[in-house]
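The sequence and the model are shown first, and a description follows.

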Amino acid sequence: MTDIRKTIVVTSVGVVSPYGIGLDCLQAGMLSGQCCLAPTNDLYPGFEGTTAQVQANISKLPLPAQGFNSRHSRTDRLAVLAAQDAVANFAGERPAFRESGVVMASTVAGLTEIDPGIAQDPAAWYRHGGLSRAATYPVAHVADAVGEHLGLRGPRCAVSVACASGAMAIALAANLLLDQAAPMILAGGSDAICPFTLSGFNSLQAMDPDPCRPFDRNRKGLNLGEGSAVLVLETLAGAAARHAKVLAVLRGWAMTNDAFHPTAPHQQGNGLADCMRRAMEMAEVGCDDIGYVNAHGTGTPLNDIAEANAYETAFRGRSRPIPVSSTKSYFGHCLGAAGALEAAITITAVCRGALFPTLRLTDPIESPGVDWLRGEVRRQPLPLAMSVSAGFGGSNTALIFGSVRS
Amino acid sequence: MTPLMTPTLPAANISITGIGSVSPYGPLAGLIPPELIAQSPLQPSAITAWTTAGLWRAFLVKPFRPVSVVPGLKTRRLDRLSAWALVASTLAIQDAGIDLSQVDRSRVAVVFATGFGCVELTASFYQSAFANGWSGTDPSTFPETLANSPASHVSLFHGLRGPNITVGSKSFAAESALIQAASLLRHRQADLAIVLAGDTLTQAVYEWYEAANLLSPACFNSEPLPEDCGFVPSEGVTALVLEPAGRQQARPYAYYRAGRWASGGQPVEIVRQMLGESASSLTICAGNGAPCATSPIIALAREIAGRAAVVVPPQAVAAGLADTGALLHLLLALSSRPGSGPALLLGASLGTSGDRGFAALLLELP
């Protein structure tokens, strides 16, 4: 029998992406097959002639309604805009909403506001306007920006686990709800493009000079994107009490670590496979029950082959290949926001029965257990779908979302 | 719809069985020896790592060779935060008497709290960008600038394949990590958890505190005034081992009962609700998560538990860690041997309206 106090549901999703603000915008853009990756024409000086030119930027970012100043970074702005979008329909429910918690992920946070001058003479850099900008550096600042902007009084926490951050924020928020730490939690991730990360990935030679081709044999690397997604999570009991519309059920979640290498994933994807299996165990479903996997799929040679191996392991015994796609092919890798944006896309897939293909996937990695989605959007009923994320340091997260009827 | 059917572990069955620390007291396994804390409080030392405009002081970790504490440990490419996390976690595991070769390491979690993350290498990366331009930065440094690097190194070194989580929370990052680690155990997402909290002090961090006017006159060798609300920055990493109670050979330092943290609301009411029957006979370890060594936390403690409560006052060396000081507060409080019974680890940020909050962890001391 269902214990509605222990069933975690998603009642709203807010998104800021290169398609614009709102989940509808994201859905419409992706359903039309629009790719947001494009050469930036030296938007960030210092990267001329490098592989970091192709990105998915958000060019016109509005200011949140009020209370924004130099103590907020671009990452904060993205997060607050997504959170505002998520709670846009909550206007009449403020008293219960006030006790909500916030779990926000980021890897970049306030690095968007800092430049190399800080390393030469910090005191002088602070005197010349850097003091408030540096205050945005701690990752906790992103969660505080959301909490303070919406006037929330529950626990606030930031998660920074490289590219698994956004998904992990959702998993940790679900744990907090099970512990009754707050009546509802706004959970997600936010990251903006900045020279620091462009430079880092460029130095690692991990970037594709053209729009990326996840899971293709000819893939060359990733492209960076930016954005934010915030999910409103609560128990089914809480949602029922306030007559909220349930978008999806978070049926299972799991977190693991490869414990293999500081940056490279385990070649066989053992940690990621274990993570997916644990999420299925929590959801009490078998590998035949999952209808779609939204992959991490960065487009780097090492990640994609490890991930394909992980699917072979996690879905071994399945009666037919598991449909998999990487939606990073639409708007790049949004780092700490990626897992949250991909959770939003997975929820969309469940709600609309729409499985998004990987763009530019012409010659897929050979992986007999995987049905690589490419070409047109596939339409089919989708009771259960999984979103997986992995990051530097070996962290993995898997989330399983189900339709309300699941 | 399917509920989450796995039965949860009662919070009362979670115990803290191992402690390791790298702090201004040095690298230590277990409690801090009485001779180190019984005499006069630890004094801040002069900063020599960079050129200062006079005598500037802080609670600093004296340089040591990690390999002299943990044989075989390779830290040449790591920043101090990662190296200290490795040392502190190893000491905590040793202190708990756990042989990891006998443990299912896919069920061991690492939860790390940090305020500033790998700020040393972030500064180093900026220096390389300043010197060589953005297209000439060092590829080996970039991945190590990520805030989760220390926790990743802990998992890698010990072969721990369970959840690996790095969190930040203004004023309460350490409390948040402890609560979330306990949650992993409760919901059987892990069988054992290594909880770490800490930060390193760098020139950029210290000078930010100074420019923001947050420092105590004691940092500059002046006598602090009674109403002084500044603090002396500190550094270090403290690690705890959390596990379900009942393992033979385990020597619990404390049992974890419950935890709450919030950004507002009514701290007294919420904490009393959490305490239940325990409120009448309570030891309060009054930590101070916020960078303010004289915050009214003792008044809050009295308001929660009355005049009869034993209050272990905040310690400047832990308060100087700002967001991540709570585990060092707990270590200092346990080292002062406060007696048995219920204990509350309390942290509060009671500043301006936008800066309010509290964290409270209810423990049982054996």
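Into which domains is chain B divided? Chain B consists of domain 1 (11-252) and domain 2 (255-365), with bounds from an automatic or database domain assignment. This is a predicted model, in which local features need pLDDT of at least 70, side-chain atom pairs count only at pLDDT 80 or more, and totals for chains, interfaces and linings use all residues. Residues are numbered from 1 along each chain as its sequence is written, while chains are lettered from A and ligands numbered from 1 in the order in which they are written.

**The two domains of chain B**

The centres of domain 1 and domain 2 of chain B, taken over C-alpha atoms, are 20 Å apart. Residues count as in contact if their C-beta atoms, placed from the backbone, lie within 7 Å.

| Domain of chain B | Residues in the contact |
|---|---|
| Domain 1 | 47 residues |
| Domain 2 | 35 residues |

On the side of domain 1 of chain B that touches domain 2 of chain B, two or more residues each come from β1 (14-23), α6 (173-186), β7 (192-199) and β8 (236-244) of chain B. Helices (H or I, at least four residues) and strands (E, at least two) are DSSP runs, numbered from the N terminus. The largest share of that side, seven residues, belongs to α6(B).

**A helix pair in chain A**

Two packed helices are described by the angle between their axes and the distance between the axes. In chain A, the axes of helix α7 (residues 165-178) and helix α13 (residues 338-352) come within 4 Å and cross at roughly 70°; these axes are lines fitted to C-alpha atoms over the stretch in contact, with angles running from 0 to 180 degrees between N-to-C directions. Therefore α7(A) is roughly perpendicular to α13(A), a term for angles of 65 to 115 degrees. Among the contacting residues are Ser165(A) and Met168(A) of α7(A) and Leu341(A) of α13(A).

Definitions and conventions:
Contact = placed C-beta atoms within 7 Å. Parallel < 35°, antiparallel > 145°, perpendicular 65-115°, else oblique.
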